[in-house]
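Dear colleague,

A summary of the findings follows it.

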Amino acid sequence: MLKLKTSPYIANPNRLADLIAAIQVLGTYRFASRDIEKWEKRLGRTPVSAPNWETVFKQHPEFFTTQRESISVVWRRSRERNYDTHSRNLLSREEAMRLTEDEKETGKKRLSRPPLAPSEVTKLVEIAISLHEREIKHAQERRWWITAVVAVVSLITAVAGK
């Protein structure tokens, strides 16, 4: 029998809350990419829709990306690495290249990808809400045929039993 995979958006009613929290924190923190353990500490709580944050991140590749052991928001990952995490300023290409050379010498990383603007975080949250609503609607639309199939099977069984 065909088994349909349940969407992570509707598998747990608390998933949307976890997504919104993760998008806000990962989108605006000064470091764009971090190990899962560091994000867990930064998020300040365990997720309410999964056993751990890694599960949430991996079930939503539309928002999060995994590079080696690091997690980041896809939108931030596409940006140039020109954000000075110490001064919290966006640098010109020349300034960033100079700072990169200093990082190589000292071994201290200072450059990251810039945080998302509040409007960008809002857009990602709106997308998460929209995807969540769409999955709920899709699940409701699938229910009608289950009822129809059960009715037809019951009718066939009743007719065959006579």
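The model is a predicted one. I begin with a loop: Arg88 is found between β4 and β5. Although Arg88 is not a glycine, its phi is positive, near 60°. A second residue other than glycine with positive phi is Arg68, where the angle is near 55°. Arg68 belongs to the loop that lies between β2 (64–67) and β3 (70–73). With a relative accessible area of 80%, Arg68 counts as exposed, since the term applies to values over 50%.

The strands β4 and β5 also take part in a sheet. This sheet is open and holds three strands in the order β5-β4-β6, with antiparallel pairing. At its edges stand β5 (89–90) and β6 (111–112); each has a single partner strand, so one side of each is left without a neighbour in the sheet. Strand β4 (residues 83–84) is joined to β6 by two bridges, and the two run antiparallel. Within β6, Leu111 is the residue opposite Asp84.

Beyond its neighbours within four places in sequence, Phe63 is in contact with residues including Tyr9, Leu19, Ile23, Val73, Leu124 and Leu131.

Yours sincerely

Key. Residues are numbered from 1 along each chain as its sequence is written. This is a predicted model: local features need pLDDT of at least 70, side-chain atom pairs count only at pLDDT 80 or more; totals for chains, interfaces and linings use all residues. Side-chain values use heavy atoms; hydrogens and water are left out. Two strands pair if DSSP finds at least two bridges between them. Helices (H or I, at least four residues) and strands (E, at least two) are DSSP runs, numbered from the N terminus. Buried means under 20% relative accessible area, exposed over 50%, partly exposed in between (1.4 Å probe, protein chains only). Contact means heavy atoms within 4.5 Å.
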